[in-house]
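Visitor: Hi! Could you walk me through this structure?
Guide: Happy to, here it comes.

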Amino acid sequence: MPTRPRLRPVIRAFGPGRVNLIGEHTDYNGGLALPFAIDRGVTVEAEPLDGGEIRAEALDLRETDAFAADDPGRAGGWRAFVRGTVAELRTAGVQIQGARLVFTGDVPQGSGLSSSAALEAALCLALIAVAGADEPDRTELAKLCSRVENDWVGAETGLLDQLAALRCEPGAALRIDFATLALRPVPLTLGDWRLVTLESGAQHEHAESGYNERRSECRAACEALGVAQLADADPEAAERLPEPLRRRARHVLSENERVDAMVAALETGDLEQAGRLLDASHASLRDDYDASVAAVEETVAALRHAGAAGARMVGGGFGGSVLALMLPGAEPPEGSVEVAPGAAARLLSSEAVPTRIRRR
Ligand code: GLA
(Lines give C-alpha, C1' and ligand atoms only; values in the text may rest on other atoms or scores of the structure.)
Protein backbone atom coordinates (compact mmCIF):
# COMPACT_ATOMS: atom_id res chain seq x y z
CA MET A 1 0.00 0.00 0.00
CA PRO A 2 1.57 3.36 -0.98
CA THR A 3 2.29 5.62 1.96
CA ARG A 4 2.58 9.39 2.07
CA PRO A 5 6.24 10.35 2.54
CA ARG A 6 6.82 11.80 5.97
CA LEU A 7 9.11 14.79 5.80
CA ARG A 8 8.62 15.80 9.40
CA PRO A 9 9.11 13.78 12.54
CA VAL A 10 6.00 12.32 14.10
CA ILE A 11 6.02 12.31 17.86
CA ARG A 12 4.12 9.62 19.72
CA ALA A 13 3.32 9.66 23.39
CA PHE A 14 1.43 7.31 25.70
CA GLY A 15 -0.42 8.19 28.90
CA PRO A 16 -1.56 5.32 31.14
CA GLY A 17 -4.86 4.90 32.87
CA ARG A 18 -4.62 4.14 36.55
CA VAL A 19 -6.08 1.93 39.20
CA ASN A 20 -6.27 3.36 42.67
CA LEU A 21 -5.48 0.44 44.98
CA ILE A 22 -6.85 2.31 47.97
CA GLY A 23 -7.33 5.89 49.19
CA GLU A 24 -10.49 7.12 47.48
CA HIS A 25 -11.82 10.68 47.77
CA THR A 26 -8.80 11.56 49.87
CA ASP A 27 -6.84 13.59 47.29
CA TYR A 28 -8.94 16.74 47.57
CA ASN A 29 -8.95 16.33 51.35
CA GLY A 30 -5.17 16.48 51.86
CA GLY A 31 -5.06 12.75 52.54
CA LEU A 32 -3.29 9.64 51.24
CA ALA A 33 -3.76 7.41 48.18
CA LEU A 34 -2.00 4.43 46.60
CA PRO A 35 -2.58 4.30 42.83
CA PHE A 36 -0.68 2.45 40.12
CA ALA A 37 -0.45 3.10 36.39
CA ILE A 38 -1.77 0.35 34.10
CA ASP A 39 -0.70 -0.67 30.63
CA ARG A 40 -3.93 0.52 29.04
CA GLY A 41 -4.18 4.19 28.20
CA VAL A 42 -4.24 6.84 25.50
CA THR A 43 -1.74 7.23 22.65
CA VAL A 44 -1.26 10.57 20.88
CA GLU A 45 0.40 10.91 17.51
CA ALA A 46 1.55 14.48 16.84
CA GLU A 47 2.80 15.73 13.50
CA PRO A 48 3.98 19.35 13.17
CA LEU A 49 2.03 21.41 10.61
CA ASP A 50 2.93 24.67 8.92
CA GLY A 51 0.82 27.50 10.28
CA GLY A 52 -0.72 27.78 13.68
CA GLU A 53 -3.66 25.42 13.46
CA ILE A 54 -4.21 22.37 15.64
CA ARG A 55 -6.16 19.62 13.91
CA ALA A 56 -7.22 16.91 16.30
CA GLU A 57 -8.87 13.60 15.61
CA ALA A 58 -10.29 11.15 18.15
CA LEU A 59 -10.01 8.01 16.07
CA ASP A 60 -12.21 5.77 18.22
CA LEU A 61 -14.99 8.37 18.37
CA ARG A 62 -14.58 9.29 14.67
CA GLU A 63 -14.66 12.96 15.66
CA THR A 64 -12.41 15.86 14.77
CA ASP A 65 -11.63 19.34 16.03
CA ALA A 66 -9.67 22.28 14.60
CA PHE A 67 -8.63 25.47 16.37
CA ALA A 68 -5.90 28.10 16.46
CA ALA A 69 -2.96 27.06 18.65
CA ASP A 70 -2.70 30.58 20.04
CA ASP A 71 -6.41 30.91 20.78
CA PRO A 72 -7.97 27.51 21.48
CA GLY A 73 -11.37 28.78 22.63
CA ARG A 74 -13.91 26.61 24.41
CA ALA A 75 -15.58 23.35 23.37
CA GLY A 76 -17.25 20.40 25.06
CA GLY A 77 -16.46 16.69 25.52
CA TRP A 78 -12.99 15.39 24.59
CA ARG A 79 -12.27 18.65 22.75
CA ALA A 80 -12.25 20.51 26.08
CA PHE A 81 -9.33 18.35 27.26
CA VAL A 82 -7.34 19.03 24.10
CA ARG A 83 -8.02 22.76 23.94
CA GLY A 84 -7.45 23.17 27.68
CA THR A 85 -4.13 21.31 27.56
CA VAL A 86 -2.93 23.47 24.67
CA ALA A 87 -4.01 26.64 26.48
CA GLU A 88 -2.44 25.66 29.81
CA LEU A 89 0.85 24.65 28.17
CA ARG A 90 0.94 28.01 26.39
CA THR A 91 0.36 29.79 29.68
CA ALA A 92 3.24 27.75 31.13
CA GLY A 93 5.49 29.11 28.39
CA VAL A 94 5.58 26.19 25.94
CA GLN A 95 5.62 27.42 22.32
CA ILE A 96 2.72 25.46 20.85
CA GLN A 97 2.99 25.03 17.09
CA GLY A 98 0.46 23.95 14.57
CA ALA A 99 0.09 20.17 14.65
CA ARG A 100 -2.03 17.28 13.57
CA LEU A 101 -3.00 15.19 16.59
CA VAL A 102 -4.49 11.72 16.48
CA PHE A 103 -5.80 10.07 19.64
CA THR A 104 -6.49 6.40 20.24
CA GLY A 105 -7.13 4.67 23.51
CA ASP A 106 -8.15 1.49 25.25
CA VAL A 107 -9.34 2.79 28.62
CA PRO A 108 -13.13 2.87 28.52
CA GLN A 109 -14.41 6.39 29.28
CA GLY A 110 -16.35 6.68 32.49
CA SER A 111 -14.90 3.42 33.84
CA GLY A 112 -13.14 5.08 36.77
CA LEU A 113 -9.71 4.18 35.34
CA SER A 114 -9.02 7.76 34.32
CA SER A 115 -8.94 7.95 30.57
CA SER A 116 -8.94 11.74 30.93
CA ALA A 117 -5.65 11.98 32.86
CA ALA A 118 -4.16 9.48 30.39
CA LEU A 119 -5.10 11.80 27.53
CA GLU A 120 -3.82 14.94 29.26
CA ALA A 121 -0.49 13.35 30.20
CA ALA A 122 0.14 11.91 26.72
CA LEU A 123 -0.85 15.15 25.03
CA CYS A 124 1.42 17.24 27.26
CA LEU A 125 4.43 15.05 26.52
CA ALA A 126 3.68 15.07 22.78
CA LEU A 127 3.21 18.84 22.52
CA ILE A 128 6.27 19.57 24.64
CA ALA A 129 8.32 17.29 22.37
CA VAL A 130 6.90 18.92 19.20
CA ALA A 131 7.90 22.31 20.65
CA GLY A 132 11.41 20.97 21.29
CA ALA A 133 11.10 22.09 24.91
CA ASP A 134 12.52 20.34 27.97
CA GLU A 135 10.08 18.28 29.97
CA PRO A 136 9.12 20.25 33.09
CA ASP A 137 8.95 18.77 36.57
CA ARG A 138 6.29 16.06 36.39
CA THR A 139 4.51 17.09 39.56
CA GLU A 140 4.10 20.58 38.07
CA LEU A 141 2.87 18.96 34.87
CA ALA A 142 0.31 16.99 36.89
CA LYS A 143 -0.94 20.25 38.41
CA LEU A 144 -1.21 21.75 34.93
CA CYS A 145 -3.30 18.76 33.79
CA SER A 146 -5.47 19.13 36.83
CA ARG A 147 -6.14 22.78 35.90
CA VAL A 148 -7.34 21.50 32.52
CA GLU A 149 -9.94 19.34 34.32
CA ASN A 150 -10.98 22.09 36.70
CA ASP A 151 -10.95 25.16 34.46
CA TRP A 152 -11.61 23.79 30.98
CA VAL A 153 -13.65 20.62 31.47
CA GLY A 154 -15.51 21.78 34.55
CA ALA A 155 -14.73 18.65 36.60
CA GLU A 156 -13.67 19.54 40.12
CA THR A 157 -11.25 16.61 40.38
CA GLY A 158 -8.14 16.41 42.55
CA LEU A 159 -4.56 15.49 41.63
CA LEU A 160 -4.74 11.72 42.04
CA ASP A 161 -5.16 10.68 38.41
CA GLN A 162 -2.62 13.10 36.96
CA LEU A 163 0.08 12.24 39.49
CA ALA A 164 -0.55 8.55 38.89
CA ALA A 165 -0.33 8.95 35.10
CA LEU A 166 2.86 11.00 35.28
CA ARG A 167 4.77 9.70 38.32
CA CYS A 168 4.04 5.99 38.84
CA GLU A 169 6.79 3.40 38.45
CA PRO A 170 6.59 -0.10 36.96
CA GLY A 171 6.03 -2.85 39.51
CA ALA A 172 4.93 -0.47 42.24
CA ALA A 173 1.99 1.46 43.58
CA LEU A 174 2.68 5.07 44.49
CA ARG A 175 1.94 6.29 48.01
CA ILE A 176 0.92 9.93 47.60
CA ASP A 177 0.57 12.30 50.51
CA PHE A 178 -1.61 15.09 49.13
CA ALA A 179 -0.77 17.41 52.03
CA THR A 180 2.87 17.62 50.95
CA LEU A 181 2.87 15.88 47.53
CA ALA A 182 5.53 13.53 48.91
CA LEU A 183 5.64 10.37 46.76
CA ARG A 184 6.88 6.90 47.68
CA PRO A 185 6.80 3.83 45.42
CA VAL A 186 5.58 0.73 47.24
CA PRO A 187 6.42 -2.55 45.43
CA LEU A 188 3.27 -4.46 44.50
CA THR A 189 4.29 -8.12 44.63
CA LEU A 190 1.36 -10.44 44.17
CA GLY A 191 2.82 -13.89 43.45
CA ASP A 192 -0.08 -16.12 42.34
CA TRP A 193 -2.71 -13.59 43.40
CA ARG A 194 -4.19 -11.33 40.74
CA LEU A 195 -5.72 -7.88 40.64
CA VAL A 196 -8.58 -7.51 38.17
CA THR A 197 -11.03 -4.79 37.25
CA LEU A 198 -14.57 -5.39 36.09
CA GLU A 199 -16.82 -2.68 34.73
CA SER A 200 -20.12 -2.27 36.53
CA GLY A 201 -21.83 -1.11 33.35
CA ALA A 202 -23.01 2.07 35.07
CA GLN A 203 -21.05 4.95 33.56
CA HIS A 204 -20.00 7.66 35.90
CA GLU A 205 -19.70 11.26 34.81
CA HIS A 206 -17.84 13.41 37.32
CA ALA A 207 -19.32 16.73 36.30
CA GLU A 208 -22.88 15.40 36.50
CA SER A 209 -22.62 13.01 39.41
CA GLY A 210 -22.48 13.35 43.15
CA TYR A 211 -18.71 13.96 43.00
CA ASN A 212 -18.98 17.73 43.21
CA GLU A 213 -21.62 17.41 45.89
CA ARG A 214 -19.24 15.29 47.99
CA ARG A 215 -16.53 17.89 47.55
CA SER A 216 -18.76 20.65 48.79
CA GLU A 217 -19.83 18.51 51.75
CA CYS A 218 -16.16 18.03 52.62
CA ARG A 219 -15.64 21.79 52.43
CA ALA A 220 -18.62 22.32 54.70
CA ALA A 221 -17.18 19.80 57.18
CA CYS A 222 -13.83 21.65 57.14
CA GLU A 223 -15.56 24.96 57.82
CA ALA A 224 -17.52 23.49 60.70
CA LEU A 225 -14.35 21.97 62.18
CA GLY A 226 -12.14 24.99 61.51
CA VAL A 227 -9.55 23.00 59.52
CA ALA A 228 -8.09 23.70 56.09
CA GLN A 229 -8.45 20.09 54.94
CA LEU A 230 -10.34 17.11 56.29
CA ALA A 231 -7.24 14.98 56.73
CA ASP A 232 -6.28 17.35 59.57
CA ALA A 233 -9.59 16.93 61.42
CA ASP A 234 -9.74 15.56 64.93
CA PRO A 235 -11.69 12.25 64.63
CA GLU A 236 -13.63 12.89 67.85
CA ALA A 237 -14.69 16.37 66.74
CA ALA A 238 -15.64 14.94 63.33
CA GLU A 239 -17.98 12.44 65.03
CA ARG A 240 -19.96 15.38 66.43
CA LEU A 241 -20.66 16.90 62.98
CA PRO A 242 -24.27 16.85 61.74
CA GLU A 243 -25.19 14.21 59.13
CA PRO A 244 -24.19 13.64 56.40
CA LEU A 245 -20.99 15.56 57.17
CA ARG A 246 -20.15 13.19 60.04
CA ARG A 247 -20.09 10.18 57.73
CA ARG A 248 -18.23 12.00 54.95
CA ALA A 249 -15.46 12.97 57.40
CA ARG A 250 -15.41 9.47 58.87
CA HIS A 251 -14.81 8.01 55.43
CA VAL A 252 -11.90 10.33 54.71
CA LEU A 253 -10.23 9.77 58.08
CA SER A 254 -10.68 6.01 58.07
CA GLU A 255 -9.61 5.73 54.41
CA ASN A 256 -6.36 7.51 55.21
CA GLU A 257 -5.62 4.92 57.89
CA ARG A 258 -6.39 2.14 55.43
CA VAL A 259 -3.84 3.50 52.95
CA ASP A 260 -1.00 3.09 55.42
CA ALA A 261 -2.40 -0.23 56.58
CA MET A 262 -2.28 -1.33 52.92
CA VAL A 263 1.31 -0.15 52.58
CA ALA A 264 2.19 -2.24 55.66
CA ALA A 265 0.30 -5.26 54.29
CA LEU A 266 2.17 -5.04 50.97
CA GLU A 267 5.51 -4.60 52.66
CA THR A 268 4.96 -7.71 54.76
CA GLY A 269 3.36 -9.68 51.92
CA ASP A 270 0.08 -10.08 53.85
CA LEU A 271 -2.33 -10.28 50.92
CA GLU A 272 -5.22 -11.60 53.03
CA GLN A 273 -5.04 -8.34 54.94
CA ALA A 274 -4.84 -6.41 51.64
CA GLY A 275 -8.13 -8.07 50.63
CA ARG A 276 -9.78 -7.16 53.94
CA LEU A 277 -8.69 -3.55 53.47
CA LEU A 278 -10.26 -3.42 50.00
CA ASP A 279 -13.52 -4.67 51.50
CA ALA A 280 -13.35 -2.13 54.31
CA SER A 281 -12.70 0.68 51.83
CA HIS A 282 -15.69 -0.36 49.76
CA ALA A 283 -17.97 -0.52 52.81
CA SER A 284 -16.85 2.95 53.84
CA LEU A 285 -17.42 4.36 50.34
CA ARG A 286 -20.85 2.76 50.22
CA ASP A 287 -22.10 3.45 53.76
CA ASP A 288 -20.29 6.63 54.82
CA TYR A 289 -19.60 8.31 51.50
CA ASP A 290 -22.80 7.14 49.76
CA ALA A 291 -20.85 6.76 46.51
CA SER A 292 -22.11 3.34 45.37
CA VAL A 293 -24.91 2.38 43.02
CA ALA A 294 -26.78 -0.91 42.50
CA ALA A 295 -24.71 -1.98 39.48
CA VAL A 296 -21.48 -1.52 41.45
CA GLU A 297 -22.85 -3.60 44.35
CA GLU A 298 -23.79 -6.40 41.94
CA THR A 299 -20.32 -6.30 40.42
CA VAL A 300 -18.66 -6.48 43.84
CA ALA A 301 -20.89 -9.44 44.74
CA ALA A 302 -20.02 -11.25 41.48
CA LEU A 303 -16.30 -10.80 42.11
CA ARG A 304 -16.57 -12.03 45.71
CA HIS A 305 -18.58 -15.03 44.54
CA ALA A 306 -15.80 -15.82 42.04
CA GLY A 307 -13.18 -15.91 44.79
CA ALA A 308 -12.05 -12.38 45.47
CA ALA A 309 -10.25 -11.86 48.76
CA GLY A 310 -11.54 -8.27 48.61
CA ALA A 311 -13.21 -5.91 46.16
CA ARG A 312 -13.93 -2.21 45.98
CA MET A 313 -15.18 0.46 43.61
CA VAL A 314 -12.37 2.55 42.09
CA GLY A 315 -12.27 6.19 41.09
CA GLY A 316 -14.91 8.83 41.62
CA GLY A 317 -17.73 6.36 42.31
CA PHE A 318 -21.42 6.48 41.31
CA GLY A 319 -20.64 3.78 38.73
CA GLY A 320 -17.42 2.84 36.96
CA SER A 321 -15.21 -0.17 37.62
CA VAL A 322 -14.66 -2.48 40.56
CA LEU A 323 -11.19 -3.67 41.58
CA ALA A 324 -10.75 -7.12 43.09
CA LEU A 325 -7.87 -9.08 44.54
CA MET A 326 -8.38 -12.66 43.37
CA LEU A 327 -7.14 -15.58 45.45
CA PRO A 328 -4.63 -17.87 43.72
CA GLY A 329 -6.43 -20.12 41.23
CA ALA A 330 -9.73 -18.19 41.42
CA GLU A 331 -11.31 -17.52 38.02
CA PRO A 332 -12.66 -13.95 37.76
CA PRO A 333 -16.04 -13.35 36.09
CA GLU A 334 -16.21 -12.90 32.31
CA GLY A 335 -15.23 -9.40 31.24
CA SER A 336 -12.67 -8.96 34.02
CA VAL A 337 -9.32 -7.51 33.00
CA GLU A 338 -6.12 -8.29 34.86
CA VAL A 339 -4.26 -5.13 35.87
CA ALA A 340 -0.62 -4.84 36.84
CA PRO A 341 1.52 -1.83 37.77
CA GLY A 342 3.07 -0.33 34.64
CA ALA A 343 5.14 2.69 33.70
CA ALA A 344 4.14 6.36 33.76
CA ALA A 345 3.43 8.50 30.68
CA ARG A 346 6.23 8.42 28.13
CA LEU A 347 7.29 9.16 24.58
CA LEU A 348 7.12 6.03 22.44
CA SER A 349 9.58 4.81 19.91
CA SER A 350 7.94 4.07 16.56
CA GLU A 351 8.32 0.34 17.23
CA ALA A 352 6.07 0.67 20.26
CA VAL A 353 3.26 2.36 18.36
CA PRO A 354 0.04 0.36 18.02
CA THR A 355 -0.17 -0.78 14.39
CA ARG A 356 -3.61 0.77 13.86
CA ILE A 357 -1.95 4.16 14.23
CA ARG A 358 1.17 3.33 12.27
CA ARG A 359 -0.85 2.08 9.33
CA ARG A 360 -2.71 5.31 8.86
C1 GLA B 1 -11.70 10.83 40.51
C2 GLA B 1 -10.93 12.13 40.56
C3 GLA B 1 -9.75 12.03 41.51
C4 GLA B 1 -10.17 11.48 42.87
C5 GLA B 1 -11.03 10.23 42.69
C6 GLA B 1 -11.60 9.73 43.99
O7 GLA B 1 -10.91 9.83 39.92
O8 GLA B 1 -10.46 12.46 39.28
O9 GLA B 1 -9.14 13.29 41.65
O10 GLA B 1 -10.84 12.45 43.61
O11 GLA B 1 -12.09 10.44 41.80
O12 GLA B 1 -10.59 9.23 44.79
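Predicted model: local features only at pLDDT ≥ 70, side-chain atom pairs only at ≥ 80, totals over all residues.

Visitor: How many residues surround the ligand?
Guide: 13 residues surround the ligand, and the closest are Glu24, His25, Asp27, Asp161 and Tyr211.

Visitor: How far is the polar side-chain atom of Asp27 from an oxygen atom of the ligand?
Guide: That distance is 2.5 Å for Asp27. For Asp161, a polar side-chain atom also lies 2.5 Å from a ligand oxygen atom. Gly316 has a backbone N or O atom 3.3 Å from an oxygen atom of the ligand.

Visitor: And how much of the ligand does the protein bury?
Guide: The protein buries 99% of the 310 Å² that the ligand exposes when taken alone. These areas come from the Shrake-Rupley method with a 1.4 Å probe.

Visitor: New topic: where does Ala343 lie?
Guide: Ala343 is in the loop between strand E12 (337–338) and strand E13 (346–347). Strands here are DSSP runs of at least two residues, numbered from the N terminus.

Visitor: What does Ala343 touch there?
Guide: Beyond its neighbours within four places in sequence, Ala343 is in contact (heavy atoms within 4.5 Å) with Pro16, Ala37, Cys168 and Pro170.

Visitor: How far apart are Ala343 and Gly171?
Guide: They are 172 residues apart in sequence and 8.1 Å apart in space, C-alpha to C-alpha.

Conventions:
Residues numbered from 1 in each chain as written. Heavy atoms only, no water. Helix = DSSP H or I, 4+ residues; strand = E, 2+ residues; numbered from the N terminus. Near = heavy atom within 4 Å. Polar contact = N/O pair within 3.5 Å; in protein donor to acceptor, adjacent residues only side chain to side chain.
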